[in-house]
Amino acid sequence: MASANSSSSSSVFDVAVIGGGLVGSAIAYGLRGSVESVAVLDEGDVALRASRGNFGLVWLQSKGYGMGAYSHWTLRSTRLWPQLAARLLDETGIDVALEQKGGLTPLMGDHEIEARLAWVERLMAQPGVEPYEWKLLDHHQAAALVPGLGADVTGAIWTPHDGIVNPLKLLRALHAAFARGGVSYLPNHGVEKIEHSAGMFHLRTAARCIHARKIVLASGLHNGALGAQVGIDLPMAPQRGQIIVLERTRRLLDTPMVTLRQNDEGSWLVGDSQEDAGYADHVTTLPVLATLADRAVRTLPALGDVRAVRAWSALRVRAKDGFPVYEQSARHPGAFIATCHSGVTLAAIHAFTLAPMIAAGALAPALDGFSTRRFHVQSA
Amino acid sequence: MFSRLEPPAARTVRITVDGASIACGEGDSVAAALLAAGIDACRDTAVSGTARGPFCMMGVCYDCLVGIDGQPNQQACMTRVREGMVVNRQLGAREVKA
């Protein structure tokens with residue numbers, strides 16, 4: 001006898017989340033309990049997998065230039081993060097290694113300091129930005145937080161809200177939570193076609209068809225193409241980032257920097273480049289890696305003696321303007337889309353704030369600014 | 001205890017492992033020499049401190065890390081023995097002097 005949640009072709013879910021990365025997983029995690037049944041449809045190993053290639057910052061200080069609401073949304077997520085980490089530990093036994101001891105953007109020379117200071121002041125002055133504590137530190141103040149700070153670092157922007165997690169442990173914890181209750185994880189279910197009839201969505205994959213009353217598009221760079229199938233016109237642009245990982249050492253760096261961090265198990269991550277390179281996520285390039293390495297060694301000269309273990313590139317998921325997109329389709333109500341660059345930072349607010357809105361069937365008016373309507377302003 | 005499949009190399013090289021002198025065949029990798037000498041745990045992991053030894057013998061698993069002539073975290077399986085080489089078990093994560 002077939003059970004209701006077997007792999008029979010007649011499965012009907014309350015909500016199907018398309019995408020098993022950090023955005024889809026955090027939303028599915030947050031949907032548990034609010035709805036009867038949730039499915040997460042994940043692609044196979046061909047997926048671009050930004051969730052497995054990122055730097056793992058929980059980061060506020062660089063977010064929201066050009067959209068004040070994004071700064072506020074990010075601030076709220078950084079405040080919710082301790083709750084997410086504690087709940088994941090409690091439910092799964094997995095410590096995602098959240099540390100929020102403040103973070104630094106290192107600056108080299110007067111030109112960088114002046115430019116960044118002016119940039120932060122303009123960011124903070126925007127409407128919609130909730131003021132938060134930040135400081136420009138001089139070399140000595142920054143050196144008090146970073147043992148062995150290089151003399152080339154003449155200043156740094158600091159906030160107390162910034163921090164780090166282990167992004168792979170985060171993804172694993174979210175998936176472990178699925179197994180413990182209410183979420184059916186369906187790997188190798190890349191969605192090829194979305195149909196909508198009589199209040200039900202039909203998601204066609206190579207293997208079968210999944211039926212759901214509501215759907216959430218959280219498929220990273222595929223959201224543009226999937227969005228078009230539910231009447232959401234989302235201009236997307238992949239942006240490549242390259243990362244170098246150095247061998248594990250005893251913990252030295254407690255205060256992460258936007259370009260250099262040491263993770264909970266001692267490995268060092270050096271980032272973060274930004275390139276428009278199409279979908280070439282399988283390529284690393286020597287000029288970019290050399291620049292990253294040079295800046296890391298100028299930031300912390302002791303790293304000159306620490307070996308690189310590997311380097312990789314991954315594609316950031318970005319709407320054309322770099323800000324998140326949250327929207328319910330007007331033409332196909334019940335179809336929601338979530339696209340953002342910061343799947344790690346925003347995981348907490350996706351789980352605790354966005355998911356309940358989706359369960360209730362409506363996004364709060366405060367999220368209006370995140371809709372794709374901003375891309376389609378008619379000229380006068 | 002591992003034993004050699006082939007007869008030992010004609011020439012013997014001596015290295016020092018944690019202060020003890022051991023004889024190796026010329027051309028041995030450090031990892032092979034350690035295993036042949038009965039030392040199968042050449043390091044303690046950086047994360048949990050548990051003992052680990054050479055596993056893949058081809059440069060992939062990083063479970064054979066040792067200190068060689070003062071340089072920490074060397075891959076024992078990718079390094080050939082040299083007369084007078086000083087090898088130390090890698091105990092936990094290496095330190096960075098800031």
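Helix α1 (residues 22-31) of chain A is largely enclosed by the rest of the structure, because 10 of its 10 residues are buried; buried stands for under 20% relative accessible area, exposed for over 50%, and partly exposed for in between, with a 1.4 Å probe and protein chains only. Helices here are DSSP runs of H or I with at least four residues, strands are runs of E with at least two, and both are numbered from the N terminus. The buried set of α1(A) runs from A:Leu22, A:Val23, A:Gly24, A:Ser25 and A:Ala26 on to A:Ile27, A:Ala28, A:Tyr29, A:Gly30 and A:Leu31. After α1(A) comes A:Gly33, with a positive phi near 90 degrees.

A word on the model itself: it is predicted, with local features needing pLDDT of at least 70 and side-chain atom pairs counted only at pLDDT 80 or more, while totals for chains, interfaces and linings use all residues. Residues are numbered from 1 along each chain as its sequence is written, chains are lettered from A and ligands numbered from 1 in the order in which they are written, and side-chain values use heavy atoms, leaving out hydrogens and water.

Next, the helix pairs. Two packed helices are described by the angle between their axes and the distance between the axes. Axes are lines fitted to C-alpha atoms, for helices over the stretch in contact, and angles run from 0 to 180 degrees between N-to-C directions. Helix α2 (residues 68-92) of chain A meets helix α5 (residues 167-180) of chain A with the axes coming within 10 Å and crossing at roughly 55 degrees. That makes α2(A) oblique to α5(A); on this scale, angles under 35 degrees are roughly parallel, over 145 roughly antiparallel, 65 to 115 roughly perpendicular, and the rest oblique. On the α2(A) side, the contact is made by A:Trp81, A:Leu88, A:Glu91 and A:Thr92, and on the α5(A) side by A:Leu170, A:Ala173, A:Leu174, A:Ala176, A:Ala177 and A:Arg180, where contact means heavy atoms within 4.5 Å. Sorted by class, the contact of α2(A) with α5(A) has seven nonpolar, one polar and two charged residues. The classes put Ala, Val, Leu, Ile, Met, Phe, Trp, Tyr, Cys and Pro under nonpolar, Asp, Glu, Lys and Arg under charged, and the others, Gly among them, under polar.

α2(A) also packs with helix α8 (residues 347-360) of chain A, at an angle of about 85 degrees and with the axes 7 Å apart. The two helices, α2(A) and α8(A), are therefore roughly perpendicular to each other. Among the contact residues are A:Trp73, A:Leu80, A:Trp81 and A:Arg87 of α2(A), and A:Ile349, A:His350 and A:Phe352 of α8(A). By class, the contact of α2(A) with α8(A) comes to nine nonpolar, four polar and two charged residues.

On to the sheets. Strands β4, β6 and β5 of chain A form an open sheet in the order β4-β6-β5, with antiparallel pairing; two strands pair if DSSP finds at least two bridges between them. At the edges are β4 (103-107) and β5 (135-138) of chain A, each pairing on one side only. From one strand to the next, the twist averages 30 degrees. β4(A) and β6(A) are joined by five bridges, and A:Pro106 sits opposite A:Ala156 in β6(A). Helix α3 (residues 110-124) of chain A lies across β4, β5 and β6 of chain A, at about 135 degrees to β4(A).

The loop between β6 (155-159) and β7 (163-164) of chain A holds A:His161. This residue, A:His161, is buried, with a relative accessible area of 17%. Beyond its neighbours within four places in sequence, A:His161 is in contact with residues including A:Val58, A:Leu75, A:Gln100 and A:Tyr132.

A second open sheet has four strands in the order β13-β14-β12-β15 (chain A), again with antiparallel pairing. β13 (260-262) and β15 (308-316) of chain A stand at the edges with a single partner strand each, so one side of each is left without a neighbour in the sheet. Strand β12 (residues 239-246) of chain A is linked to β15(A) by eight bridges, with A:Gly241 partnered by A:Ala314 in β15(A). A:Ala308, in strand β15 of chain A, is exposed, with a relative accessible area of 52%. Leaving out residues up to four places away in sequence, A:Ala308 touches A:Ile244, A:Val245 and A:Leu246.
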